Amino acid sequence: MNSSSTVLFFDLDDTLFDRSHSILAGLEAVKAAQPSLAEFGIERLEYVYRKKVDLKFKHHLGRVAERSDAWSERLRQVFTKLDVPAPSNEELKTLLEIYDAAYKASRQATHTTIQTLEQLKNKGFRLALITNGEHETQAEKAKAIGVSHLFEEIISSEAAGHSKPDEEIFEYALKRMGGANPLKCVMIGNDVVKDMLGGFAANMQIIWYDPRAPEPEIIFLFGSSRPIPVITKMHQIIGYLKNLGYCT
């Protein structure tokens with residue numbers, strides 16, 4: 001298969017953008033500013049934030065009017081889950097500003113991502129982002145981590161009017177890429193439902209990025225006999241694309 005006819009769709013958060021790194025930086029800054037959190041290790045804070053609190057509030061993040069309140073409430077819930085008296089509303093606002101500043105200042109791409117995208121671009125692949133979230137926010141994030149110039153399109157759920165894994169956002173993405181044939185497209189992401197199931201249902205090849213996996217492997221998902229590569233580092237995608245016949 002000619003790589004120039006192949007579109008590689010990438011997820012952004014936790015795939016190209018090292019969100020975990022920025023969350024840790026934000027929590028470290030909040031901990032340093034809040035004496036009541038001094039006794040807790042950063043691993044404990046991250047666990048509470050991501051496992052106990054984070055998922056509960058994800059559905060608010062695309063709603064501009066609710067976002068500030070949702071973030072404040074999410075931070076308040078960290079204190080609640082740790083059984084620590086929550087700060088006042090004004091103190092929470094200040095802590096949120098501290099978190100946000102540290103989070104943004106620490107934004108970076110995941111390991112080997114920029115080099116890999118450049119290599120793929122040089123090999124003739126067409127690259128596009130497909131991401132859930134507000135368009136301006138996601139585009140600015142891609143620019144901050146140094147990858148936006150490598151993509152032909154940034155397809156956001158806000159622009160598409162639908163979120164992954166809905167089939168409509170993938171149809172919208174294919175149209176944005178000039179009516180690309182889904183059978184010549186690959187979806188790369190970290191979320192088994194939004195990215196993998198969504199891309200699979202759209203008839204794309206899928207590659208699962210999971211840096212916590214013990215090693216790269218081939219698995220089978222969704223009752224299909226189609227092999228699904230699992231990569232633990234972004235540069236491994238090139239070898240799998242060769243194995244799948246997308247480049248030489």
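Tutor: Contact means heavy atoms within 4.5 Å. Helices (H or I, at least four residues) and strands (E, at least two) are DSSP runs, numbered from the N terminus. This is a predicted model: local features need pLDDT of at least 70, side-chain atom pairs count only at pLDDT 80 or more, and totals for chains, interfaces and linings use all residues. Residues are numbered from 1 along each chain as its sequence is written, and side-chain values use heavy atoms, with hydrogens and water left out.

Student: What do the buried residues of α6 pack against?
Tutor: Buried means under 20% relative accessible area, exposed over 50% and partly exposed in between (1.4 Å probe, protein chains only). In helix α6 (residues 135-144) the buried residues are Gln138, Lys141 and Ala142. Down the axis of α6 they fall within an arc of 100° (directions from the helix axis to the C-beta atoms), so they line one face of the helix. Their packing partners are β2 and β3 (153-156).

Student: Which residues are exposed on the other side of α6, and which glycine comes just after the helix?
Tutor: The exposed residues on that other side are Glu136 and Lys143. Just after α6 comes a glycine with a positive phi of about 85°: Gly146.

Student: Which elements do the buried residues of α5 pack against?
Tutor: Helix α5 spans residues 113-122, and its buried residues are Thr113, Thr116, Leu117 and Leu120. Viewed down the axis of α5, they fall within an arc of 100°, so they line one face of the helix. After α5 comes Gly124, with a positive phi near 100°. The buried residues of α5 pack against β1 (7-10), β2 (126-131) and α10 (237-243).

Student: How far apart in sequence are the parts that the pair of Phe17 and Tyr103 ties together?
Tutor: Rings of Phe, Tyr and Trp (its six-membered ring) pair if their centres lie within 6.5 Å; planes under 30 degrees apart count as stacked, over 60 as edge-to-face and the rest as tilted. Phe17 and Tyr103 are edge-to-face, at 6.0 Å centre to centre and 75° between the planes. Phe17 lies in the loop between β1 and α1 (19-33) and Tyr103 in helix α4 (residues 89-105), so the pair ties together parts separated in sequence by 86 residues.

Student: Which residues form the aromatic cluster?
Tutor: Two of its members, Phe17 and Tyr103, are buried.

Student: Is Ser157 buried or exposed?
Tutor: Ser157 sits in helix α7. Leaving aside neighbours within four places in sequence, Ser157 is in contact with Thr131, Asn132, Gly133, His162, Ser163 and Ile169. Its relative accessible area is 11%, so Ser157 counts as buried.

Student: What is omega for the peptide bond from Lys164 to Pro165?
Tutor: Most peptide bonds are trans. Pro165 is in the loop between α7 and α8. The bond from Lys164 to Pro165 is cis, with omega near 10°.

Student: What is the phi of Asn203?
Tutor: Most residues other than glycine have a negative phi. Asn203 lies in the loop between α9 (192-201) and β5 (205-209). At 45% relative accessibility, it counts as partly exposed. Its phi is positive, near 70°.

Student: What is the phi of Phe222?
Tutor: Phe222 is in the loop between β6 (217-219) and β7 (228-231). At 35% relative accessibility, it counts as partly exposed. Its phi is positive, near 60°.
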